Amino acid sequence: MKLHRFLIGCAIAGMMAAPAWGEGGTLTVGLKAEPSSIDPHYHNLGPNNSMAAHYFSRLVEQDDKLRLLPGLAESWQPISETTWEFKLRQGVKFHDGSDFTADDVMFTFERAPNVPKSPSSFATYLKGKSFTKVDDYTLHITTERPYPLMPVDMAQVPIISADVGEGVTTGDFNSGMAAIGTGPYRFVEWVPGDRLVIERNEDYFDAKPEWERIVFKPIKSGPARVAALLAGDVDFIDNVPPVDIARLKGEEGVQLSQGVSSRVIYLHMDQFREDSPFVKANGGGEIKNPLLDVRVRKAISMAIDRDAIVDRVMEGVAIKAGQLLPEGFFGVTPNLSPEAYDPEGAKALLAEAGHPDGFELTIHGPNDRYINDAKICEAVAQMLTRIGIRTAVETMPKAVYFRRASRGGPDNSPEFSFILVGWGSGTGESSSPLRSLLHTYDKDRGFGASNRGRHSDAEVDTLIEDALATVDDEARLALLQKATELAIGRNQGIIPTHYQVNTWAGRKGLSYTARADERTIAMGVTSDR
Amino acid sequence: MTVFIIRRLLQSAVVVAVMSLLVFVGVNVVGDPVDMLINPEADQAEIERVIRDLGLDRPLHEQYGYFVVNALQGDLGDSFIFGQPALQLIIERMPATFELAIAALLLAVVLGIPLGVLAGLRPDAGWSRTIMAGSILGFSLPSFWVGIMMIMLFAVMLGWLPSTGRGDTVPVLGVEVSFLTRDGLSHLLLPAINLSLFKLSLVIRLARAGTREVIHQDYIKFARAKGLSETRVVLVHLLKNIMIPVVTVLGLEFGGLVAFSVVTESVFAWPGMGKLIIDSLHELDRPVVVAYLMIVVLMFVIINLVVDIVYSILDPRVRLQDTKA
């Protein structure tokens, strides 16, 4: 007992002796994932995009709920069916003192989709658009068809300075030479694997952030990240491991910040093969794929106790889901709520579909991608077994899982029959999951890229395509709602289970505006003082 | 002699070639890096572009062919994630790992030899049993767990040492080192102890066994009979003789320390090669993994080659046997 007291005493003494944050306004942040480059156009992926947001601005910015805000563009509006006009902010200076004009935007859009060796490019947001500079502060963007997502797309591409010149390389950005933006922070240095340092841009055109200097430290291991926070080596960490949340809540010197993300965790079912590889009759014989029957899909949804998943598996840190995005996002329909848990009803529905004794199924899922992903698979399997669908569980590392789930079968078809996946909507509206998950798989037109169950319904397809060509927000909202209601409510194309809630932790007195896109943006960390 | 060296060189080349095939194929049949790299919002056209750009659409033997041709010119490929030459990424992080490995080795020697000698001189004393029991713990506790416990105790509870990262570095001959600054040294201490625990236990055991053997030798008895002080007997006559096996083993173990400090580096977020390799494995950055393993293979092959040649110089029997065979 004595030792115990001694240790606690030491811990308290350590907490008090450790310097308060803000030695000269420095904030040290422990990050799970490090960017792969400083070049904002090199790698279109979470860690890079969130880091780039500190020193580069975009034409349009997104707030914590992914609502659009003026960035380098003051205003935007469609001026014809197919043309959008962006009015640029005047008097903005780059970190090197040069003026921001439409030339920089033109230069950026020329470069961004064509960075050599890019493992994931920004072409997604820029192709099919032509850009015209009207004057130094006016830009016209034209598409072939009406395109409502223009402002959202413009919120994805960081604007660089034209002064860095043609042929600027990714290496020039990494060394800091070309890392010149208009963002609230200026880039100082990056030592890969060790630290990334930025300093406040005193000439920032918008509200200045609180911290003068920010040091990001990549600490991939979860326990080590928590320990670094407790030890006072970092002031703030992201991706708090779920097992530590309860403990940290009880910790005196720690403050947690949580927020629902735009990521829905859902189940995808094979809806394109009569003979599905991981569906068997009881005893292992062949069976015509029961997942083709909407009643079976409905029964599975009813068999899932979402409250239990949220309370037990997720320890309360999740929100049960009935559609593609949580409340408050664009395209959410008021007519769909999370399916109520009803095992008896599920059994009846199974019997009605001709499977009174159920069948055998295997659920596949990743074990290192989403919060508690493997445990969710196990819970779902138990729940399904309870209504007679004897379900085996197979989970694997994401590095192996996603390839097999997307194109592991013959002819690059999805390999599995029943899988757990998640989808974070980068655009903050339901058109993103609708077009990728529920639109018929159409390689040539770029629809259904992640439709791993190959759900297909012509009516839904038409609604999605119409929505993607309807600029008027109100009309588009109606189309998206209708498409969601049909694809999930009627067809049960996917089965949403819950929306992920993310947790950040900081020293006492530091709070964070949790972002729906799961990004860690140091401008959102504020102290109570 | 020349024949012997040529033969050995050829054999080494075969080993490297076979290893390159095993490593390349092994790494390339697991998963698909594209899904790790690409933004989920990307459409099929973009996914195909990336697959094409990375050369993943080509058959495996063709990819291997490219790899071999480039490797022979000293190019082990570009990292999928960073877009920089894999070799450069590894070399950039080499100093950090070497610094950690050398610090761990020093700790093992400086603490291990005295403890082992003490335990060997008084094998029945209580503290000597404690030392030996401790060395068993050092062997058997997983270093991941020990690392976390050390962080909990020294960083979180006591607040004496930082828990993560490398701290301030200063350049020495163009290489960044951290042991010359106070901050860097404090960052170095915990990971170095963590990494050294296993080697420390090994050295203690070797030193103890050596001491037990040497202490009964005639020359020790003679030294005592001559009336030399116990200090001199131990420090000069005994120590010199137990050092031979210790140095041999540590020389070989150093390669292992450098190549496989993976666990310690990830627990302490030490920006070295080990952390790079484990991150690359997670994200399926194949060129980096392959390059890293090839460097390790090359390192061990060279060490063994040198050892063989040295043996053959020292012991003509090895040479003769070999030419006959």
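**Salt bridges between the chains.** I started with the salt bridges between chain A and chain B and found a count of seven, taking a side-chain nitrogen of Lys or Arg within 4 Å of a carboxyl oxygen of Asp or Glu. I noted one pair by name: Lys443(A) and Glu48(B) join their side chains at 2.7 Å, N to O.

**Ground rules.** I kept in mind that this is a predicted model, where local features need pLDDT of at least 70 and side-chain atom pairs pLDDT 80 or more, while totals for chains, interfaces and linings use all residues. Residues count from 1 along each chain as written, chains are lettered from A and ligands numbered from 1 in written order, and side-chain values use heavy atoms, without hydrogens and water.

**The interface.** I then looked up the contacts (heavy atoms within 4.5 Å): 58 residues of chain A meet 51 of chain B. Which element gives the most to chain A's side? H13(A) does, with seven residues; helices here are DSSP runs of H or I, at least four residues, numbered from the N terminus.

**The core.** Next I turned to the largest nonpolar core, which has 132 residues. I used the rule of buried Ala, Val, Leu, Ile, Met, Phe, Trp, Tyr and Cys residues joined through side-chain atoms within 4.5 Å, with buried meaning under 20% relative accessible area (1.4 Å probe, protein chains only). Phe418(A) is among the members that touch the most others.

Methods
Buried < 20%, exposed > 50% of the residue type's maximum accessible area, 1.4 Å probe, protein only. Helix = DSSP H or I, 4+ residues; strand = E, 2+ residues; numbered from the N terminus.
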